[in-house]
There are 2 protein chains.
Amino acid sequence: MDNTHITTDKEEQNQEIVLAGHPSGVPTADTFRINNIDMPTSEMLKDNEVLIKSLYVSVDPGMRGFMDKGDDDAAGNKYKLNQPITSRSVAQVIKSTDKTFAVDDIVHGRFAWQKYQTVSVDNIEKVDPNLAPISTAVSMLGVPGLAAYFGMLKIGQIKATDTVVVSGAAGSVGSIAAQIARIKGCKVVGIAGSPEKINYLENELGLDKGINYKQTNNMQVAITEACPNGVDVFFDNVGGELFDAILANINEYGRIAICGQIAEYNEDRPPQGPRPMHTLIKKSARMEGYVVFNFSDEFDDAKKQIAEWYNSGQIKYRENLIKGFDNIPSAFIGLFTGENIGKQMVKTGDSNDD
Amino acid sequence: MDNTHITTDKEEQNQEIVLAGHPSGVPTADTFRINNIDMPTSEMLKDNEVLIKSLYVSVDPGMRGFMDKGDDDAAGNKYKLNQPITSRSVAQVIKSTDKTFAVDDIVHGRFAWQKYQTVSVDNIEKVDPNLAPISTAVSMLGVPGLAAYFGMLKIGQIKATDTVVVSGAAGSVGSIAAQIARIKGCKVVGIAGSPEKINYLENELGLDKGINYKQTNNMQVAITEACPNGVDVFFDNVGGELFDAILANINEYGRIAICGQIAEYNEDRPPQGPRPMHTLIKKSARMEGYVVFNFSDEFDDAKKQIAEWYNSGQIKYRENLIKGFDNIPSAFIGLFTGENIGKQMVKTGDSNDD
């Protein structure tokens with residue numbers, strides 16, 4: 001490998017996207033600002049650093065919480081004003097001082113929203129381009145797919161006889177979660193918010209039933225009708241009143257995997273709702289939250305399994321790919337309008353593999 | 001055994017206590033009515049039935065839910081108007097047509113609030129008087145003690161390094177739950193509602209700390225101060241705002257055993273509260289309801305273990321014993337005024353063992 005040449009286009013303007021203001025409610029264009037910045041030079045590269053070029057940027061609802069004001073975030077996830085936003089991204093190595101990463105290697109990690117940047121090798125992982133398309137390293141084979149996998153199998157503990165309900169079922173996590181339940185032989189009902197999504201769930205992903213909550217007056221009754229034997233496992237991406245409707249249908253020993261709560265990410269304080277404790281006692285039911293990194297020891301096996309299902313056609317996966325670095329903010333804002341089918345991604349650059 | 005003699009006192013008036021009206025909120029004296037009824041005669045005894053005399057009657061907060069109107073109770077637990085209330089009771093066999101039960105045997109089961117009654121042998125179990133005082137068959141060695149045992153060990157899954165908080169810690173379930181956690185080496189904080197109870201928790205039961213929630217302005221802060229390393233397991237008997245205060249202190253991988261919700265038993269509909277989902281995700285925490293009968297296969301072992309702890313002095317147990325059959329209603333109502341320390345019981349008759 002020739003680690004001396006720099007493939008950055010000297011003519012290209014490097015850019016970053018920073019947090020311009022803490023949003024109140026749903027983020028807007030004013031939440032973000034694009035700055036022109038200097039291109040990193042090879043002289044800037046310290047030991048065990050690589051210079052990378054952004055290829056695919058993932059935007060995820062959970063990032064919304066990191067945009068709030070305050071320092072009460074022990075994990076250090078919160079974005080700082082006038083500093084670049086970070087998110088899971090796929091990039092290409094342009095220059096490396098580390099022998100384990102070569103020029104042109106495809107890597108992923110939590111990178112700044114910058115066209116070019118230098119990162120420590122401690123913060124990057126190689127992408128295996130043979131498993132699946134490289135963009136899936138931060139989608140189907142990344143946090144969303146792994147959240148679906150471990151949430152359904154480890155928290156939901158699905159059995160073939162279970163009736164499983166997935167909310168946000170057309171989304172990046174929900175679509176994988178629902179298909180894993182289908183592969184394991186469960187009866188699967190998916191909830192989503194548009195006729196296109198329902199069509200996707202029923203006719204592309206092969207779920208038993210899709211319910212359009214926006215066109216349903218009484219979700220509790222709709223779930224009862226779709227799940228005449230009750231709900232054994234609820235994979236919750238959404239929260240709010242949808243949760244209540246499904247809890248009312250939960251079976252004895254039911255399990256509720258709390259994966260995400262997109263209905264609440266833009267709220268200033270925890271929303272009020274009926275307390276679920278009585279139902280949990282009456283049904284000996286369980287609700288459990290998790291973050292995917294609890295299972296990091298098993299990531300490699302999970303990725304291989306998901307890729308195997310994908311390559312054999314058992315799992316279908318869509319990315320809603322938006323092109324252009326400067327479209328990252330609008331792609332993120334679009335997450336909260338509920339229009340996307342599949343994983344919202346931004347293609348920020350062309351790799352040598354394309 | 002001489003099964004032919006009848007030890008019922010022919011002069012004694014048999015009585016029953018029936019549901020006179022569905023309570024709204026906290027039950028009152030008008031919820032109940034005492035009726036004089038005929039004494040069962042030996043001729044009334046069918047095959048595999050026994051005639052029993054009530055000795056001890058347990059009154060429990062969870063019975064409140066069975067007093068509501070409505071037939072939506074698949075388990076058939078709801079009390080019917082003008083029919084006797086039932087609850088876990090200890091009784092003495094007066095006459096038997098079944099060879100496994102002899103006259104003078106002490107038995108327990110869910111019996112009607114009647115001084116004398118006939119019951120099928122399918123609905124009774126023998127009490128071993130050698131394990132502990134016979135009244136404990138429906139208290140420390142009955143549902144309350146078993147709920148504490150399985151809730152703490154199977155749902156809470158306590159480890160010696162855990163900080164454990166128990167609400168309703170001076171009550172029949174909470175006092176056992178807290179002591180089991182103490183025996184297992186946990187740091188244990190108990191919550192109760194009077195100085196007498198706090199004294200009981202700290203000086204009789206040997207908990208690390210008791211918190212009087214009625215004299216505490218900010219329970220969340222009080223829990224933080226009492227549990228500087230956070231809360232690993234919360235054994236919840238109470239629900240409501242106390243739950244919120246403890247949830248705010250829950251540790252990563254925290255477990256919340258939802259045993260009872262006495263704060264809510266008298267509410268007409270599920271109370272509103274802040275939704276716990278965000279915290280559950282953030283902390284990878286779990287809340288789980290259960291009923292003790294899920295573990296009935298393991299009851300015998302659990303009873304032996306609790307009795308062993310009791311007889312070796314590791315578990316202390318108080319019964320708040322009220323005398324007289326006609327005092328059962330007031331003993332039940334007293335559960336909701338929060339004054340009792342230990343298990344509320346009514347002594348309805350004298351056995352030959354006394």
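## Where the two chains meet

Let's start at the contact, which takes 32 residues from chain B and 32 residues from chain A; contact here means heavy atoms within 4.5 Å. Between them, chain B and chain A bury about 2,800 Å², with 55% of it on carbon and sulfur atoms. Buried area is the accessible area (1.4 Å probe) that two parts lose on being put together, summed over both. R275(B), M277(B) and I281(B) supply 26% of the area that chain B buries against chain A, more than any other three residues.

Keep in mind that this is a predicted model, in which local features need pLDDT of at least 70 and side-chain atom pairs count only at pLDDT 80 or more, while totals for chains, interfaces and linings use all residues. Residues are numbered from 1 along each chain as its sequence is written, chains are lettered from A and ligands numbered from 1 in the order in which they are written, and side-chain values use heavy atoms, leaving out hydrogens and water.

Side chains of opposite charge can pair when their charged atoms come close. Across the interface of chain B and chain A there are two salt bridges, each a side-chain nitrogen of Lys or Arg within 4 Å of a carboxyl oxygen of Asp or Glu. In a salt bridge, the side chains of R275(A) and D244(B) meet at 2.7 Å, N to O.

Over all chains, the whole structure has 22 salt bridges. R275(A) lies in the loop between β13 and α6 (277-283) of chain A, and D244(B) in helix α5 of chain B, so this pair joins two chains. Helices (H or I, at least four residues) and strands (E, at least two) are DSSP runs, numbered from the N terminus.

## Strands side by side

What does strand β13 (residues 272-274) of chain A pair with? Its partner is β13(B), in the antiparallel sense and over three bridges; two strands pair if DSSP finds at least two bridges between them. Within β13(B), G273(B) is the bridge partner of G273(A).

## A look at chain A

Chain A holds eight helices and 16 strands. Its radius of gyration (taken over C-alpha atoms) is 21 Å, close to the 20 Å that the globule rule gives for 354 residues, so chain A is as compact as a globular protein of that length. That rule is 2.2 Å times the number of residues to the power 0.38. Along its principal axes, the C-alpha trace of chain A spans about 65 × 45 × 35 Å.
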